[in-house]
Amino acid sequence: MSRFFATGSDSESEESSSADELTPKAPGGNFKQSLLISDDEEDTKRVVRSAKDKRFEELTNLIKTIRNAMKIRDMAKCLEEFEQLCRAFLKSKTIVDKEGVPAFYIRLLADLEDYLNQLWEDKEGKKKMNKNNAKALSTLRQKIRKYNRDYETEVAAYKENPQESADEEEEKEAGGSDSSSDSDGEVGEDGVSAKAFLKKKPEAAPEASKFLKTAGDESSASDDDEDDEDWGSDTVESGSESSDDGEGKNSASLALVFLKKTQEGEKSGDKKVSKKKKLKKKDRLEEEAEDEAIEEGGGEWEKVKGGAPMVKEKPKMFAKGTEINVPVVVKKLNEILQARGKKGTDRAAQIELLHSLATIAAENNLGQGILVKIKFNIIASLYDYNPNLAAFMKPDMWKKCLDCIDELLDILFEHNNIFIGENIAEDSESLAISDQPFRVRGCILTLVERMDEEFTKIMQNTDPHSQEYVDNLKDEGHVCGIIDRLLDYMETKGSTEEICRIYLRRIMHTYYKFDYKAHRRSLGLQGETKSEQDQEESEGEDSAVIMDRLCKFIYAKDRTDRIRTCAILCHIYHHALHSRWYQARDLMLMSHLQDNIQHADPPVQILYNRTMVQLGICAFRQGMIKDAHNALLDIQSSGRAKELLGQGLLMRNMQERNAEQEKIEKRRQVPFHMHINLELLECVYLVSAMLLEIPYMAAHEFDARRRMISKQFHHQLRVGERQPLLGPPESMREHVVAASKAMKMGDWRTCHSFIINEKMNSKVWDLFPETQRVREMLVRKIQEESLRTYLFTYSSVYDSISMGTLSEMFELEIPTVHSIISKMIINEELMASLDQPTQTVVMHRTEPTSLQNMALQLAEKLGSLVENNERVFDLKQGVYGGYFNRDQKGGYQQNKSYNRDQKGGYQQNKGGYNRGGYRNQNHQNHQSNY
């Protein structure tokens, strides 16, 4: 090493040692030399780094770990490392205040936030995560959103132009590496790195390298620009050699040349660095683009040169000159079908090939038999386009499927000599044109059933509140048309079992629809315009007639329980929907389905639940309040009406239902246009419970053994009572609770105003077909039940009350009031008698007052306490039953003053409250036993 370049050395010993270190050594001499190194020489190997470098290196290492965890979706690791990164960044706050927030840190915050948002939106991916990762994802997302508020401007600037931010970061790193040498420098054979060497001579080494580069050939310099990557270390060695050769020259002229050339060398070096940056940037962009393409497309992308696009020719079906006949087409069809289901098969191309084959068969007039066979396979391929069972057909495939089925039915209707069936073997098929009829293996009914299932899946997977759902629902007319055409075909050529199957498909598209035209005809209304009247006359039979005909055929001919069960439930649903209460009730009772429905499969159970709900709503419309309550009780008391009716899933823990079960249950959901309004259902149930429960509560106010008719209604009452401030009711439940409180006081007008008003009309009552009739029925029921409640509550206050007064109070006719009071007296609910001449109700003073009721309850409790004490005392004495075997003379039980029923007290009254009767009966039983 020349001393000319050793300007940064401190002593001659260091120069000599550094020169010796660069000379190659034998491999075996490293150990001995390491023993002979002095403390001073060891100090030269140490790298002195600034606090900034240390802190930033710690941050970059943590960022690398976070990025690696992001690649493998390890959210728990991401969260742990992010917390460490925040702590490390807090430690380096003083440096950050001086230098500013580093760009790589902002880049990580922005990338991490985008990555977490992308994961959060991926619902399927989140379900597959384990519990720890899902919890860590939620926590980390909240933390990063909160943390990024402090760096909103920096993150926004990075997101606006991420490429420039990355380039600035690289320039800063490159500038830092130029000022302080590369930390990852190459290590020489003797163990000393180039970095340590350049540290000792920070100025001379780059100057020498630049000087030598300008002295050399321009061609060699350009080669070095393109090829050499570690140009710093190479030029250091070449500089040392040239400086040894030129020691005898004039030092002044050499210095001048050296100084002049270094400026040019610096310029050339800057150009070279900028060129390298551009190349690196370009390579990086290309790599990122390739990675994205591979991730999206699943394979590598092929670079195509510019120019006119090349048109790929379709593969030829047959070789030129081949005679096209039925065996050749069948052979080609089998070749296409052999690739079906195999990995890597292009399903769309397979469908196109089958269409081309059908066209060729039609052009060559090979007969309708081969055409039907190809059509069967085209429809099957369309169904197989989505291998996933849960996936639904795309709109273009769905349209193709409907068109193909229509074409197939057209062929079958036009040519009566085509026989199709699953029982026809492939060997016995007759596809060629001959005197014999065509025989083709296949089942058109199975294809139509699958088409119906695909339509249901499309409706299940479409947003019900979008225009797309309405557009898809318009296809139901096309689907029903295909089913009707197949029904006509099967009635002539199908077996009984097949006819039952297609009848059930037709029933399933009819049972839930309200027939407005039939309803208007039943009311004697006609269409407003002449065109509507003509349309009504031209239309066929009512839906009730269609349902009756199809269902009765299934009842008579079906051999499978499932089809018959579904038909019965649909028939009951249709009767109930059209307010034919007695037919629906009788059919339900005759079928005995409620006895064994728990053994049916889930879709049938959902249909049963829907039928029972519709039956309850029908009973409510007809004024059968008790029947309506009984029908709706099971569904509403469970608290899972939404799930039991197949109208949505409730949120549950993963322990109760895993991802696979959730997918299965989603496939069972009923499409939105078939839903039953859950708010209407709950309102009908609560109003029915109110009309039954409030009079019962008034009649048994002081009865300790009073039972609840509806737990859900009582729960709503308790919720209303717990509210500290009672404002005007807003929700449907609050309206019913407020009406219940008014009915409890006998105020039927207030109750009526809470149940029937504009808000309740828009939410519930206007949804019924015969809205006005339902409202009138409700008003009548509220008046009657309020009268009953009033008599139960205030009968102890009156000696007698006029029926005319009651009629005016509750706006009821006198015969109606008379019948209500008579029923109450007959059922021993009211202790009174009717005075016919004066039209008054005379109350009997047999019912205890509230004070007497409380006294009786206290007496019962004291009596039971005495009995328990006596038993405990006898057990201690060792004589069990001594209390009951006491002498009858003057015993406790002969105390006539206590047992009031001996003197004609309250218990003697057959129609009154039998207080204490249960206790006395127990005493007699115990005496007889002992």
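**Note on helix packing**

1. Helix 24 passes helix 28 in a left-handed crossing, a term used when the near helix is turned anticlockwise from the far one by less than a right angle. The structure is a predicted model, in which local features need pLDDT of at least 70 and side-chain atom pairs count only at pLDDT 80 or more, while totals for chains, interfaces and linings use all residues. Residues are numbered from 1 along each chain as its sequence is written, and side-chain values use heavy atoms, with hydrogens and water left out.

2. The axes of helix 24 (residues 496–508) and helix 28 (residues 561–577) lie 10 Å apart at an angle of about 30 degrees, and the two helices are therefore roughly parallel (angles under 35 degrees). Contact, meaning heavy atoms within 4.5 Å, involves residues including Cys500 and Leu504 of helix 24 and Cys566 and Cys570 of helix 28.

3. Helix 31 (residues 602–621) and helix 32 (residues 625–637) have axes that come within 7 Å and cross at roughly 155 degrees, and they are therefore roughly antiparallel (angles over 145 degrees). Among the residues that make this contact are Met612 and Gly616 of helix 31, together with Ala628 and Leu632 of helix 32.

4. In helix 9, the buried residues (under 20% relative accessible area, with a 1.4 Å probe and protein chains only) are Asn133, Ala136, Leu137, Leu140, Arg141, Ile144 and Tyr147. Seen down the axis of helix 9, these buried residues fall within an arc of 140 degrees, so they line one face of the helix, the arc being that of the directions from the helix axis to the C-beta atoms. Their cover includes helix 5, helix 7 and helix 8.

Technical notes: Buried means under 20% relative accessible area, exposed over 50%, partly exposed in between (1.4 Å probe, protein chains only). Helices (H or I, at least four residues) and strands (E, at least two) are DSSP runs, numbered from the N terminus. Axes are lines fitted to C-alpha atoms, for helices over the stretch in contact, and angles run from 0 to 180 degrees between N-to-C directions. Angles under 35 degrees count as roughly parallel, over 145 as roughly antiparallel, 65 to 115 as roughly perpendicular and the rest as oblique.
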